[in-house]
Amino acid sequence: MSDSTRGTPANIAPATGKLAIFTPGLGAVATTFIAGVERVRRGLSVPIGSLTQMATIRLGKRTDNRSPLIKEFVPLAGLDDIVFGAWDPIPDDAYTAATKAGVLTKDDLEPVADFLKGIKPMPAVFESRYVTRITGATNVKTGATKRDLAEQLRADMRNFMAANGATRGAMVWTGSTETYIKAGPQHQTIEAFEKAMDENDDSIAPSMLYAYAAIMEGVAYCNGAPNLSADFPALVDLANKRGVVISGKDFKTGQTWMKTVIAPGMKARMLGLEGWYSTNILGNRDGEVLDDPASFKTKEESKLSVLHTILQPDKYPELYKDFSHVVRINYYPPRGDNKEGWDNIDIKGWLGYPMQIKVNFLCRDSILAAPLVLDLALFSDFAQRAGMKGIQEWLSFYYKAPTTAAGLQPEHDLFIQQTKLKNTLRHLMGEDQITHLGLEYYQ
């Protein structure tokens, strides 16, 4: 297509000033993310795993040879303009927390130790009833009501941004998985939600207070855990009214990421599925938290939804009706942050003959999650500067449980998600959508 058919670029506000990236939680994921960004800023490491820093985006025809880096095409905040703020119930600074997490080696941490020691967590909103396996929680806010605690979080953000010259903010939940909560009447309207906060209702978990505080302060909110956090009518409506970007929940890192790669391939070839058994061993704080059945229930709901949505058993009953899907997570301290996922996949092919796929993924949980924190914060900030608000389904690429408009089935196929993400960037920048039709080369 010619340049004359391109759309009109969005009116995108410039990324002036600093971008504050707030992380509720200063554990393995957050410290790995922060240390990694600082190493990249000092030229000590390469940001492997980050689309915003390393991926290209094709523009126009294949023969045009226009494939700039995303960060050169889209006016994202630069890494040098990021400042880090965090809350954690454990008072360790980022260096101490990173050392205890055991993800990065001493050789990687020492060159940025001075920087990490300067990042100290603000007192957190924390209640052990929502995350039962965390001990040593002494760095905790107190308040008469949950609304009071949310107002303290808002003040923290305002004060931090003023002190650090930040003009914009993005919050990415990197805390532990909370106990399972279903949306109820308290979550339907902002009036009901605020009343529930005033009454210290048990249905209002700490992560919801962070989400509420972020939205009220105009700070984009991304949820890296499967908690019910911002994905209910009251906060979705609030985000739309206040012009704030929110997106999905539960980082798509290890086993579920592999499912969103393998399952679309099976479906594309119309191969059947009899059963998919998944088990994980994990020894970090997240594994300990998920050893609690109430927290595991939250994670299980997020993990189980992926296959059914991709495979569509209602449309392909001969291939996928009533397949068995089992997910287990086992806390095994010696493994630390190095999670191991085993998958046994029983498939069927021509004439119903059985076959199997075995996957043994020895991954590093926080290493896979850290670049997702960076991308989500940068893309969310960009979207908000482009005038977008509310649910950002185009960021589903990063989540096990994408958030969508009410009544809309989420898309879990990783490759469709990637196309949606890049086409959204093209759309906002006034470039043609890429359909991959390609008939113009042959007609």
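**Exercise 1. Find which residues of helix H10 (residues 233-242) are buried, and what covers them.**

Step 1. Ala234, Leu235, Val236, Leu238 and Ala239 are buried in H10. Here buried means under 20% relative accessible area, exposed means over 50%, and partly exposed lies in between (1.4 Å probe, protein chains only). Helices (H or I, at least four residues) and strands (E, at least two) are DSSP runs, numbered from the N terminus.

Step 2. Look at the cover: it includes H8, H9, strand S5 (245-251) and strand S10 (390-391), where contact means heavy atoms within 4.5 Å.

Step 3. Go on to the residue after the helix: Gly243 follows H10 and has a positive phi, near 65°.

A word on the model before you go on: it is predicted, so local features need pLDDT of at least 70 and side-chain atom pairs count only at pLDDT 80 or more, while totals for chains, interfaces and linings use all residues. Residues are numbered from 1 along each chain as its sequence is written, and side-chain values use heavy atoms, with hydrogens and water left out.

**Exercise 2. Describe the salt bridge between Arg129 and Asp202, and say what the pair ties together.**

Step 1. Apply the rule: a salt bridge is a side-chain nitrogen of Lys or Arg within 4 Å of a carboxyl oxygen of Asp or Glu. For Arg129 and Asp202 the N to O distance is 2.4 Å.

Step 2. Arg129 sits in the loop between helix H6 (113-117) and helix H7 (146-164), and Asp202 in the loop between helix H8 (190-198) and helix H9 (206-216), so the pair ties together parts that are 73 residues apart in sequence.

Step 3. Check accessibility: Arg129 is partly exposed at 44%, and Asp202 is partly exposed at 47%.

**Exercise 3. Is each partner of the Asp92 and Lys100 salt bridge buried or exposed?**

Step 1. Start with the pair: the closest N and O atoms of Asp92 and Lys100 are 2.8 Å apart.

Step 2. Take each side in turn. Asp92 is buried, with a relative accessible area of 17%, whereas Lys100 is exposed at 61%.

Step 3. Glu38, Arg41, Arg42 and Asp114 are linked in a network of them.

**Exercise 4. Work out how strands S8 and S9 pair.**

Step 1. Strand S8 (residues 340-348) runs antiparallel to strand S9 (residues 354-362), with 9 bridges; pairing requires at least two bridges found by DSSP.

Step 2. Finish at the turn. The two strands form a hairpin with 5 residues between them, and Leu351 in the turn has a positive phi of about 65°.
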